Amino acid sequence: MKRPVENSGKESYNSEVLVDMEEGVVNQLLRGNLSELFNSTQLITDISGSGNNWAHGHNFYGPKYSDTIIEKVRREAEICSSLQGFFLLHSLGGGTGSGLGSYILELLHDAYPKVFRFSASLFPSTDDDVITSPYNSVLSIGSLTQHADCVFPIENQALIDILRKKGQHKCQSSEEKRNKAPFDAMNALVSSLLLNLTSSMRFEGQLNVDLNEITTNLIPYPRLHYLISSMALFTPKGKLPWHPNQHTKLVNQVFLFSDALSKDNYLIKSNPLESVYFNCAFLLRGTPCSISDVNESIVRSSQRLNMIHWNTGGFKVGVCRQPASGIPLSLVCLANNTCIRNRLLAMKHSFNMLFRKRVYIHHYTEYMDFGMFDVCSGS
Amino acid sequence: MSVVVLQLGQGGNQYGLALFNALASSRGSPLPCEFFEESGSKGELPRARALLIDMEPKVVAAVTRKANGGAWKYDSRSCFTLDSGSGNNWAAGYCSNGATCREPVLEQIRLKVEKCDCFGGFLGIQSLAGGTGAGFGAYVLEALKDEYPSACIFSHSIWPFQSGEVVVQNYNVLLTLAKLHEVVDGIITVENESLVAACKKTLGIPSPSFVEMNSVGAHALASLLLPSFWRPIQASQASTCNSSQLRVRLLSDLAYALCAHPAYRMLTVYSTPQVRVESLDFTTFAWPSQLKQLKRIAYPVELEQVPGETRLAKSVQKSVASLLALRGPGAGTADVSMMREPSLYPSWCIDPLNVCANDKEIIKDGGLAVGMMSNCQGAILPASKALTRAYAMFYSKAYLHQYLKHGLDASFFEAAFATVEDVCHSYSIL
């Protein structure tokens with residue numbers, strides 16, 4: 001699990017703390033292509049791992065490493081001229097990412113209450129291969145609801161479907177999917193989402209959007225902070241540099257907005273168009289975009305969206321001039337939509353199926369109280 | 001009389017750059033001393049009398065860079081930035097940032113005011129939707145009212161797009177307007193939609209960006225702020241605009257002419273000509289046609305059915321007071337009586353129309369321009385829409401926790417909504 005600490009100053013430090021309770025993945029990163037970007041003193045590793053057990057990660061490793069974690073985070077935070085937020089990247093199905101990740105979130109909430117905590121959390125898919133993932137994810141959701149400021153749920157199945165649609169992944173059967181899932185390409189999708197989110201902080205634009213603006217605009221009630229995200233990228237065929245003419249510009253933007261709102265492009269399996277939107281943010285990157293075009297596209301798109309009655313004009317717009325490399329025009333859509341309820345209910349349903357029979361509980365009660373299950377499933 | 005301009009937030013800084021470019025583009029004339037300091041040494045560009053304020057540094061840096069290389073520049077010391085941003089949160093700008101940044105900002109402003117030979121007042125430029133421009137801007141203008149009680153303060157405030165630019169824009173707009181109504185002398189409002197419409201329909205720009213929209217708005221405002229001289233409404237043949245006439249003093253004369261009544265402070269700017277740049281060379285200008293075009297824009301009419309099938313055209317908009325600025329040859333003697341029709345003003349107004357003029361052209365040789373700043377009902381429609389939406393959000397208690405955590409409470413919201421409702425009501429009964 002990696003947690004980069006963002007800074008909004010001019011220096012481009014790579015501020016992160018890498019945490020994993022077994023060394024294999026972290027060592028691979030340190031030996032890989034981007035090894036010079038990682039600071040080997042900012043690691044926390046152990047030998048045996050958490051055994052896909054939330055309680056092992058949260059109640060055993062958490063207190064064991066809490067001082068070390070706080071110390072390493074403090075060291076990174078002191079370098080920042082103006083600390084704006086923490087980004088937590090983890091999955092909810094396993095033991096370290098979910099259990100220790102939740103513990104670290106609580107630590108950060110106590111130590112830095114005024115700094116925003118964003119979490120890009122990998123929700124388990126319906127055919128997830130970790131059997132205890134329903135327990136781990138429900139126990140984490142309790143912590144995320146209470147201690148995170150904003151959560152971006154992501155699902156592996158959605159990422160695979162996006163890649164398949166783009167023609168980058170050809171596997172059809174589920175065994176092939178498990179063995180040959182293109183994790184690199186999937187992670188690249190997630191990282192391009194995070195890059196586009198923070199592009200306004202790093203580059204100039206007509207209408208900048210910082211991370212704190214995302215929280216102010218998209219979170220109407222403190223506990224309802226699960227934002228579904230989607231991306232639409234315009235990649236012209238043929239060689240770059242690309243000079244758009246008048247006619248193609250409007251056509252491209254129509255497609256861009258309708259792509260971003262279509263259910264196939266969301267990073268979680270859901271259909272937001274059938275549910276109610278609390279609000280919606282559109283973050284554009286690229287030069288051939290003027291605010292009046294964006295405005296027209298929003299007016300056109302809003303007719304398809306089911307906005308909540310007290311916020312029919314609830315749109316946030318960001319325009320960043322610097323395009324992503326190789327992609328002249330891209331659009332990220334973040335929405336606070338009630339369709340997340342379906343995913344959470346499905347998670348709770350899987351949880352209840354196991355919990356009713358009390359299977360695997362003994363692994364968890366080794367480290368924590370039985371009552372914790374009720375508390376987290378209630379939240 | 002010198003005016004210190006405060007550029008507040010991203011919108012304010014971008015618009016302020018366009019305004020200074022418009023003020024500096026008056027053909028052949030020296031830069032107006034109301035807005036530019038004389039350059040100290042030879043070869044140095046004149047500096048704008050402006051303070052650039054934002055809670056994050058990117059925009060101020062970009063705006064300063066774009067100004068350099070022209071006929072003027074910003075003073076590199078006249079900037080105030082933090083790193084954190086206000087997050088579109090009015091309460092963060094007003095309560096949290098306001099308290100921490102009050103002293104350094106007021107100190108910077110004091111240095112700017114001391115450089116003025118004859119200080120005329122402050123002009124704050126801000127957008128109403130965001131956190132810094134709206135929230136911190138309202139705080140700064142309130143602080144200036146305390147520090148400089150006899151100075152005239154005007155604000156130029158930009159309405160966001162109605163379709164939604166910021167989700168919490170309705171809260172931010174109403175909280176700012178309520179605060180401004182307490183502390184400033186006049187609030188000049190401009191809507192993004194009307195700037196886009198002006199760019200598209202009359203200037204022929206199919207998809208205008210903020211740069212073009214700001215330029216159109218700034219030129220309209222500049223046509224009122226550039227030097228001019230008072231003239232009577234009925235001008236005799238012999239009167240011309242020269243230095244023996246009384247020069248318009250910014251901003252006190254504007255406040256006196258337009259904002260004499262405390263309940264009426266919302267001003268709207270209109271200007272002509274609105275002609276495509278390519279067509280300028282082929283356009284013939286005449287005062288009657290310019291004034292007619294302006295009247296059509298400022299006072300749209302409705303046809304009213306009366307018994308007997310005679311249809312009367314009745315203006316749907318009334319003004320409390322208007323200031324007309326004529327620029328170009330013959331400005332001193334042009335007939336403006338069509339703007340003085342009694343149906344355009346309420347019956348209790350005495351001398352609602354004020355006229356100033358300058359023979360110097362600002363568009364091209366022989367080109368005529370008319371600008372009008374009117375204390376009228378133009379701002380009421382967007383304000384009412386914002387009120388309706390804000391009430392809906394407020395009764396659902398949406399986003400309130402974001403504001404409450406910085407120290408505002410629900411009664412602050414209710415008071416602000418009530419103030420803006422009163423303003424709308426006062427204008428609607430004109």
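Which residue forms a salt bridge with E34(B)? The partner is R247(B), with the closest N and O atoms 3.1 Å apart, where a salt bridge is a side-chain nitrogen of Lys or Arg within 4 Å of a carboxyl oxygen of Asp or Glu.

Before going on: this is a predicted model, in which local features need pLDDT of at least 70 and side-chain atom pairs count only at pLDDT 80 or more, while totals for chains, interfaces and linings use all residues. Residues are numbered from 1 along each chain as its sequence is written, chains are lettered from A and ligands numbered from 1 in the order in which they are written, and side-chain values use heavy atoms, with hydrogens and water left out.

Chain B is divided into domain 1 (2–225), domain 2 (229–376) and domain 3 (381–429), with bounds from an automatic or database domain assignment. The contact takes 28 residues from domain 1 of chain B and 30 residues from domain 2 of chain B, contact meaning heavy atoms within 4.5 Å. Across the interface of these two domains of chain B, the rule finds 1 salt bridge.

Turning to chain A, S275(A) is found in the loop between α9 (246–261) and β8 (277–285), helices (H or I, at least four residues) and strands (E, at least two) being DSSP runs numbered from the N terminus. S275(A) is buried, with a relative accessible area of 12%, where buried means under 20%, exposed over 50% and partly exposed in between (1.4 Å probe, protein chains only). Leaving aside neighbours within four places in sequence, S275(A) is in contact with N306(A), N337(A), T338(A) and C339(A).
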